[in-house]
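Please read the following notes alongside the model. They are set out as numbered points, each on one topic.

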Amino acid sequence: MITRSKLVEQLRDSQIRSQHKWSPLVIFSPKPNLSSWIDVGVAVFWLIVLIILVTSSYMTLYLRHYWLSFIIICLSISIPIRLRISRQTIARKKDRRLLLPLSM
């Protein structure tokens with residue numbers, strides 16, 4: 001059974017998570033909130049991968065390999081889109097999980 005103290009604790013936890021200093025890194029994280037150092041590490045990893053892909057696409061454009069550059073640019077665009085989709089699905093699942101006990 002959900003008590004008032006549990007709801008207050010969940011609200012306090014969500015407010016603490018929303019006040020983290022890593023908010024620009026949320027773009028590169030598959031989770032909606034960066035709650036641990038592992039989440040920050042994953043976000044930094046995807047940031048580094050994206051930087052490597054962008055610089056390699058510039059290098060392939062400079063070397064006039066246009067098809068390879070096009071493929072790399074498409075891949076580097078798809079990474080943030082895929083991360084955003086995964087953040088949205090996780091947020092939807094979390095919302096559904098929180099709404100279930102209150103409707104009962």
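Is aspartate 39 buried or exposed? Aspartate 39 counts as buried, at 6% relative accessibility; buried means under 20% relative accessible area, exposed over 50%, and partly exposed in between, with a 1.4 Å probe and protein chains only.

1. Basis of the notes. This is a predicted model, in which local features need pLDDT of at least 70 and side-chain atom pairs count only at pLDDT 80 or more, while totals for chains, interfaces and linings use all residues. Residues are numbered from 1 along each chain as its sequence is written, and side-chain values use heavy atoms, with hydrogens and water left out.

2. Confidence. The mean pLDDT of the protein is 84, and 88% of its residues reach 70 or more; pLDDT is the predictor's confidence in each residue, from 0 to 100. Helix H1 (residues 4-18) has the lowest confidence, at a mean of 77, and helix H2 (residues 37-62) the highest, at 93. Where pLDDT is low, predicted coordinates should not be read in detail.

3. Fold. The protein has three helices and zero strands, in the order α-α-α along the sequence. Helices (H or I, at least four residues) and strands (E, at least two) are DSSP runs, numbered from the N terminus. Of the contacts with a separation of 6 or more, 43% are between residues 24 or more positions apart; contact means heavy atoms within 4.5 Å.

4. Surface. Of the 104 residues, 17% count as buried. The accessible surface comes to about 8500 Å², and carbon and sulfur atoms hold 69% of that area. These areas come from the Shrake-Rupley method with a 1.4 Å probe, and for residues only the protein chains shown count as cover.

5. Record annotation. The unreviewed UniProt entry carries the annotation "transmembrane region" for residues 37-59 and 65-85. UniProt positions are in the numbering used here, feature names are shortened, and annotations may be inferred rather than shown by experiment. In the model, residues 37-59 are 100% helix and 0% strand, with end C-alpha atoms 33 Å apart. Residues 65-85 are 95% helix and 0% strand, and there the end C-alpha atoms lie 31 Å apart.

6. Aspartate 39 and lysine 31. Aspartate 39 is placed in helix H2, whereas lysine 31 lies in the loop between H1 and H2. Their side chains are joined by a polar contact of 3.5 Å. A polar contact is a pair of N or O atoms within 3.5 Å; within protein, one must be able to donate a hydrogen and the other to accept it, and residues adjacent in sequence count only if both atoms are side-chain atoms. Lysine 31 is partly exposed, with a relative accessible area of 40%. Leaving aside neighbours within four places in sequence, lysine 31 is in contact with Val26, Asp39, Arg87 and Ile90. The C-alpha atoms of lysine 31 and isoleucine 90 are separated by 6.9 Å, although the two are 59 residues apart along the chain.

7. Serine 29. This residue is in the loop between H1 and H2 and is buried, with a relative accessible area of 1%. Not counting residues up to four places away, serine 29 touches Leu34, Asp39, Ala43, Leu83 and Arg87.

8. Nonpolar core. Six residues make up the largest nonpolar core: Leu25, Phe28, Leu34, Val40, Ala43 and Leu50. Such a core is a set of buried Ala, Val, Leu, Ile, Met, Phe, Trp, Tyr and Cys residues joined through side-chain atoms within 4.5 Å. Phenylalanine 28, in the loop between H1 and H2, is buried at a relative accessible area of 15%. Its contacts beyond four places in sequence include Trp46, Leu50 and Leu83. Leucine 50 lies in helix H2 and is buried at 14%. Phenylalanine 28 and leucine 50 are 22 residues apart in sequence and 9.1 Å apart, C-alpha to C-alpha. Beyond four places in sequence, leucine 50 is in contact with Phe28, Ser76 and Pro80.

9. Backbone check. Arginine 64 has a phi near 65°, a positive value in a residue other than glycine. Most residues other than glycine have a negative phi. Arginine 64 is found in the loop between H2 and helix H3 (66-103) and is exposed, with a relative accessible area of 63%.
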